[in-house]
Amino acid sequence: MRRTVKVGGLTILRYAIYNFQLWLMLWFFDISTGLSDLGLIMTYYAAITLLPTMAVADLGIRSSIALFLFSMLSPNSAGIVASVFLIWVINLALPSIVAALLQPRDDSQ
């Protein structure tokens with residue numbers, strides 16, 4: 001039971017960090033005006049979680065959903081796509097690249 005509560009707490013913390021990161025990027029690109037936009041960001045993450053995607057098309061689908069939702073806040077589509085792209089790079093691409101570079105090599109062959 002304690003492990004379940006701990007994992008649940010860490011999951012909520014991770015989700016809160018993702019929400020704050022995207023809100024910060026949207027604020028940086030003048031898309032978001034305040035913390036009241038967090039509800040729309042939560043809707044965005046729910047949509048990308050529930051829609052099945054292939055890794056190749058993942059960034060395009062994320063951008064399309066973001067444009068659909070966040071265009072209600074601002075007509076700045078370049079800023080919306082840049083926000084989603086930077087979050088994708090920070091949270092998915094960069095850790096994958098670093099892990100691939102730090103992987104120990106087997107030179108015994």
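Which backbone nitrogen does the side chain of Ser-74 reach? I looked this up, and the side chain comes to 3.1 Å from the backbone nitrogen of Asn-76.

A note on what I am reading: this is a predicted model, where local features need pLDDT of at least 70, side-chain atom pairs count only at pLDDT 80 or more, and totals for chains, interfaces and linings use all residues. Residues are numbered from 1 along each chain as its sequence is written, and side-chain values use heavy atoms, with hydrogens and water left out.

**Entry: Ser-74**

I found Ser-74 in the loop between helix H3 (58-70) and H4; helices here are DSSP runs of H or I with at least four residues, numbered from the N terminus. Ser-74 counts as buried because its relative accessibility is 10%, and buried means under 20% relative accessible area with a 1.4 Å probe, protein chains only. Leaving aside residues up to four places away in sequence, I see Ser-74 touching Asp-30, Ile-31 and Ile-80 (contact means heavy atoms within 4.5 Å).

**Entry: the cavity**

Next I looked for cavities (sets of points on a 1 Å grid over the protein atoms alone, where a 1.4 Å probe fits but cannot get out). I got one cavity of 30 Å³ or more. The largest cavity holds about 30 Å³ of space, a volume being the space filled by probe spheres set on the points.

Which residues line the largest cavity? I noted Leu-22, Tyr-44, Tyr-45, Arg-62, Val-84, Ile-87 and Trp-88; lining residues have an atom within 4 Å of a point. Helix H2 (38-50) and helix H4 (77-102) each supply at least two of the lining residues, and H4 gives the most, with three.

How values were computed
1 Å grid on protein atoms, 1.4 Å probe; cavity = no way out; pocket = protein on both sides within 12 Å on 5 of 7 lines; lining within 4 Å. Buried < 20%, exposed > 50% of the residue type's maximum accessible area, 1.4 Å probe, protein only. Polar contact = N/O pair within 3.5 Å; in protein donor to acceptor, adjacent residues only side chain to side chain.
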